[in-house]
Amino acid sequence: MRMHQPRASAKLAKPTRIAAVVALFVLAACGSAPSAASTPPAARFPVTITTPGGATVTIEHQPRRVVSLSPTATEMLFAISAGPQVVAVDDQSNYPAGVPTTKLSGFQPNIEAIAGYAPDLVIASEDTGSLVHGMQALNVPILIEPAAKTLDDAYTQIKQLGLATGHVAEADALVAKMRTQVAAFVSLVAKPARTLRVYHELDSTYYSATSATFIGQVYKVLGLQNIADGATGAATDYPQLSAEYIVNSNPDLIVLADTKCCKQDLTTVASRPGWGVIAAVKNGQVVGVDDDIASRWGPRVIDFMQAIAPRVQQLEKQAA
Amino acid sequence: MAEVTAPARRLAIITGLPSLPWLWAAAGVVTLVASCAIAVLTGPVHIAPATVFGALFGATVDPGQANILWSLRFPRVVLGLLVGGMLAIAGAAYQGVFRNPLADPYLLGAAAGANLGATLAIAFAPGTSVIGVNVVPLAAFAGAGAAVAGAYMLGQTVTGARSTIGLILAGVAIAAFFNAIQIYIQQAQTGSIRQVYSWILGRLTTAGWDGVLLVLPYVLLSVGVIFLHRRLLDALTLGDDEVSNLGISVRRVRLIVVVAATLGTAAVVAVGGTIAFVGLIIPHTIRLLAGRSYRVVIPLSLLFGAGFLVLADTAARTMLAPAEVPIGVITAFVGAPFFIAVMRSTRVSAL
């Protein structure tokens, strides 16, 4: 009688009624799934986790039915071997291949639909639509792991997910590996003779990201100057830049994180009015990256750096 | 003798006074020129006035600055002129045709249709183009046209050609229906949400000469047709029966003006997004200040609407420079209080 494919309908119901229905499902799930699965030796529960938002979450037993509403968390979970414990991920989670993608939405979370998977741990990147409140009412522990602002934030989140799912050793190993790889990329790019400027594009209306964001921090680590940092007056870390300013800033490197959403590449950028004179366009230093990789703060930041670092290296040789 | 003077007065409304006051026409032209001057002289990149005028009048200037001026700033100002003038004149025309003070160019669902078309294109056909033109403006244009055509046909079948109420209600229904579909798609395709928002709030950010060329024919045609009908819009203020007695087909006038205004609106919405309030505030302000004859309101709406949007876009480009502020935010934020101030300082009169 467990609901396996709950519809992600946006029906409104009284919270109490949802809670009652859901409690029924949770009870049914507990009853029908005896805890006979083997527990890795490293896992010690209960654990208490303080999330970046400051909330403390206690997890009594090792979770076996994890629901992830954050594509980044999904990537982290599978990278630390917690994948088999994940029963459902949101509609945006598409990596690694074979993740249990559902119609669940992290932007418009439907408490009832989430509860239909009888989760014993829910992970999301933001508390929208009273998600935390709803899960607390159902006594389901929920971790909010918001967009990281630095590489260290990302490492902390990976370790928290390791602790929460009983994969502490794997999480530590992943973080150690990532630290080594990042250090390797940083050493690869020598100190340039002059500061190289980068323009990171989020969509074809020139939205960008400042150094206060995760992706901005990656550029900072690689020693690049981010032209979006000029937009200090804007209240957002993701300002929409004026075309005049971008052209005038003459970036040495343009990174297109809108190859999927908006099908942008060197040719389309070169054909924009006035953009032909930009150094990056003239020298072909316009690099397209997967939108997803560039917008997630998970283990694939290494893939992102792998795409960028050789370009930076080339530019530094030219500048030297 | 009353039977003689009454038709004479009616005839006077169509053929005679009041014509456009010269002082107001001059003020409109001055405003327009001043707005354009401010707009070309300011921007996120500082360029000396001498360089700007040099570039304008063919002198040799720094190629980098000339590139910024000719490829980015000038086309954006020209596009702002076309969009602002078109939205204001279309708003005035709609208010005349429907004799409804709340009528704006989006009354019959043009904005909802354009938003739906653009959202569909952004979500399902990103980056594609048809005969060299990006599919997003094309879809927006088609969506706006489809919404207004649908509202018109629906309105005709409900209450017939005699009443504008049926048309307006049909427009409201179509707009609500299209909005529902648009929001559903937007929520389902969260990856494109930022682009959809930047569309809805208006965007002259990516303007170039190609956008100017795209809208120019439609704007010229639409403005021309509305201009030719400004006397008939005055006649419509007499009421449908009176106008019919004069041998004018109310239905035909209404259809022609709506089609013309919609065509122009759809074109500018396709490149500029759905910029709000211009079509409402500009004609009403002119009515309050300069007079309510359409022979005054129509030409002045064109001039002041163009000037207003160029200034609003200058603010959008420079307020948080080098970041952009959505132009729709500026037009509403500045326009609404200004309109209220004008309304309070004058006595509101009928359309």
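Two strands count as paired if DSSP finds at least two bridges between them. Helices (H or I, at least four residues) and strands (E, at least two) are DSSP runs, numbered from the N terminus.

This is a predicted model, in which local features need pLDDT of at least 70 and side-chain atom pairs count only at pLDDT 80 or more, while totals for chains, interfaces and linings use all residues. Residues are numbered from 1 along each chain as its sequence is written, chains are lettered from A in the order in which they are written, and side-chain values use heavy atoms, with hydrogens and water left out.

**Exercise 1.** Work out the order of the strands in the open sheet of chain A, and find which strands stand at the edges.

*Solution.* Step one: the four strands of this open sheet run in the order 4-3-5-6, with parallel pairing. Step two: strand 4 (86-89) and strand 6 (142-144) of chain A each have a single partner strand, so one side of each is left without a neighbour in the sheet. Step three: take strand 5 (residues 121-124) of chain A, which pairs with strand 6 of chain A over three bridges. Here A:Ala124 stands opposite A:Ile144.

**Exercise 2.** Decide whether A:Val87 is buried, partly exposed or exposed, then list its contacts.

*Solution.* Next, apply the cut-offs: buried means under 20% relative accessible area, exposed over 50%, and partly exposed in between (1.4 Å probe, protein chains only). With 25% relative accessibility, A:Val87 is partly exposed. Finally, look for contacts (heavy atoms within 4.5 Å). Leaving aside residues up to four places away in sequence, A:Val87 touches A:Arg64, A:Arg65, A:Val66, A:Val67, A:Pro100 and A:Tyr117.

**Exercise 3.** Describe the interface of chain B and chain A by its residues, area and salt bridges.

*Solution.* Begin with residues: chain B gives 27 and chain A gives 29. Now the buried area (accessible area, 1.4 Å probe, that two parts lose on being put together, summed over both). This comes to about 2,500 Å², with 59% from carbon and sulfur atoms. To finish, count salt bridges (a side-chain nitrogen of Lys or Arg within 4 Å of a carboxyl oxygen of Asp or Glu). The rule finds two across this interface; one of them joins B:Arg317 and A:Glu244 at 3.7 Å, N to O.
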